[in-house]
Amino acid sequence: MTKITIIGAGSAFTRELVVDILNIADLHGGVIALVDIDERRLQIAQRLVEKLISIAGKQWSVLASTDRREVLAGSNFVVNQIEVHGLETVKAEFEIPLKYGVKQCIGDTLGPGGLFKTLRTLPTWIEIIRDLEELCPQTMILNYTNPMSAVTLLTTKITNIPVVGLCHSIQNSSRQLAKYAGIPYEEMKWKAGGINHMSWFVELEHNNQDLYPVLLDRIKEPKLLAKDPVRLDAMKFLGAFVSESSGHFSEYIPYYRKRQDLIDEHCSVGYNGATGFYANNWPIWRQENDDLIEKQLSGAEPIDFSGSNEYAATIIEAVLNHVPKVIYGNVLNQGLISNLPQDGVVEVACMIDRNGIHPCHFGRLPEHLAALCRSNMSFFELAVSSVLEHDKDMAMHALMADPLTAAVCSLAEIKAMFNELYEHERHLIAELH
């Protein structure tokens, strides 16, 4: 019997992932277990999943518990989508760095926000992994929690349970590129690799024609450039398009957010780079998602059953139905990208079959793109190691290695910012000395 456990079931991802699972051909039933420490949101998720199963007409049963140990046993797949103390901290993790001139748009992967999210998330995730090793050691971990690279890297360091970090950046960005180039997506040939949120489309072709000259010509039109201002501007200078939104990407490199004039020129609204976008909107989105589910449960809003482009169900189908599939996943870099750290996590094409995850060899990234990835990977290595070694200085050094923070602040200012954030959140984060 197939058993899929979703930890952090109150997440907005649950609806899409369960619809995708119910759309898998020749998979007619099993158990979907839901875990969330927020009992109200767990109940909402349970009612939603039961309604989805009823609509699909399949033979799935649902378990729900605020105690994961009650439901983990026998899980074939564990989906991780936890959020640890996010509502309590999102405002401070934006406003404290802002005092030092660090103007974040998202702040959930790198930078001060990404660092303290790592320090908040990893101790809880370590406890979950230990439960998986005890209760369902034969499972496969499908991780959706950000910071993706940090969570996946930590997992590879402390357990032999197979893990793959899953994002939608590659799927979404490849489709965006086809639109920008004005060609059918199905006709575009491409190759991408790098790290999560910073994978590079190093090859981009249509009918054996290099699409980059086409894109460079098309973005001379200001309206197109304005649709994705940071990524398309960076493409002009770096020679490749990157996999995550302009707002996210603007935080991962030192060029676009270090002065207000650059922010005004390149970072517009929303996910295109607005300062404070995530901190000001995420609590609202969370409530809106809960409200939408309530409306769907009452019948006031329809439920879209067309499926998504998330990879979780693709992996589950490949493993259970013995049909090989290709996804882009975050995995340990064991010879996959030769000029990135071999003990770090990279994002590459992976073949999935009944035997699990088989990452595909990529080769070398252009060196200037690899250099940008390496700075981010150093941040993740320091942040993860600081949790495992309970080392406060190592966490502070991660922030000193962060590209945006280093572009704005002196070392003394970074230490002062780190200490202020640490004192504000020390009751919520990893124990550091």
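**Briefing: helix packing, loops and backbone features**

Helix H5 is largely enclosed by the rest of the structure, because nine of its 11 residues are buried. Buried means under 20% relative accessible area, exposed means over 50%, and partly exposed lies in between (1.4 Å probe, protein chains only). This is a predicted model: local features need pLDDT of at least 70, side-chain atom pairs count only at pLDDT 80 or more, and totals for chains, interfaces and linings use all residues. Residues are numbered from 1 along each chain as its sequence is written, and side-chain values use heavy atoms, with hydrogens and water left out. Helices (H or I, at least four residues) and strands (E, at least two) are DSSP runs, numbered from the N terminus.

**H5 and H14**

- The buried residues of H5 are Met-148, Ser-149, Ala-150, Val-151, Thr-152, Leu-153, Leu-154, Thr-155 and Ile-158.
- H5 (residues 148–158) packs on helix H14 (residues 367–389) at an angle of about 55°, with the axes 9 Å apart. H5 is therefore oblique to H14.
- Axes are lines fitted to C-alpha atoms, for helices over the stretch in contact, and angles run from 0 to 180 degrees between N-to-C directions.
- Angles under 35 degrees count as roughly parallel, over 145 as roughly antiparallel, 65 to 115 as roughly perpendicular, and the rest as oblique.
- The crossing of H5 past H14 is right-handed. A crossing is right-handed if the near helix is turned clockwise from the far one by less than a right angle, and left-handed if anticlockwise.
- On the H5 side, Ser-149, Ala-150, Leu-153, Leu-154, Lys-157 and Ile-158 take part; they meet Phe-380, Glu-381, Val-384 and Leu-388 of H14. By class, the residues of this contact are seven nonpolar, one polar and two charged.
- Contact means heavy atoms within 4.5 Å. Ala, Val, Leu, Ile, Met, Phe, Trp, Tyr, Cys and Pro count as nonpolar, Asp, Glu, Lys and Arg as charged, and the others, Gly among them, as polar.

**H3 and H12**

- The axes of helix H3 (residues 86–99) and helix H12 (residues 277–298) come within 9 Å and cross at roughly 160°. The two helices are therefore roughly antiparallel.
- H3 passes H12 in a left-handed crossing. H3 contributes Gly-86, Leu-87, Val-90 and Phe-94 to the contact, and H12 contributes Tyr-278, Ala-279, Trp-282, Pro-283 and Arg-286. These residues divide into seven nonpolar, one polar and one charged.

**H15**

- Met-394, Ala-395, Met-396, Ala-398 and Leu-399 are buried in helix H15 (residues 392–401).
- The buried residues of H15 pack against helix H4 (111–135), H14, helix H16 (403–408) and helix H17 (411–425).
- Asp-391 caps the N-terminal end of H15, with a side-chain oxygen 3.0 Å from the backbone nitrogen of Asp-393.

**Loops and backbone**

- Pro-147 sits in the loop between strand E5 (140–143) and H5. The peptide bond from Asn-146 to Pro-147 is cis, with omega near 0°.
- His-85 lies in the loop between strand E4 (77–80) and H3. Its phi is near 60°, a positive value in a residue other than glycine. His-85 is partly exposed at 32% relative accessible area.
- His-322 is in the loop between helix H13 (312–321) and strand E11 (325–332). Its phi is positive, about 60°, although His-322 is not a glycine. His-322 is partly exposed, with a relative accessible area of 44%.
- Lys-220 falls in the loop between helix H7 (212–218) and helix H8 (222–227). Lys-220 counts as exposed, at 63% relative accessibility.

Key:
Polar contact = N/O pair within 3.5 Å; in protein donor to acceptor, adjacent residues only side chain to side chain.
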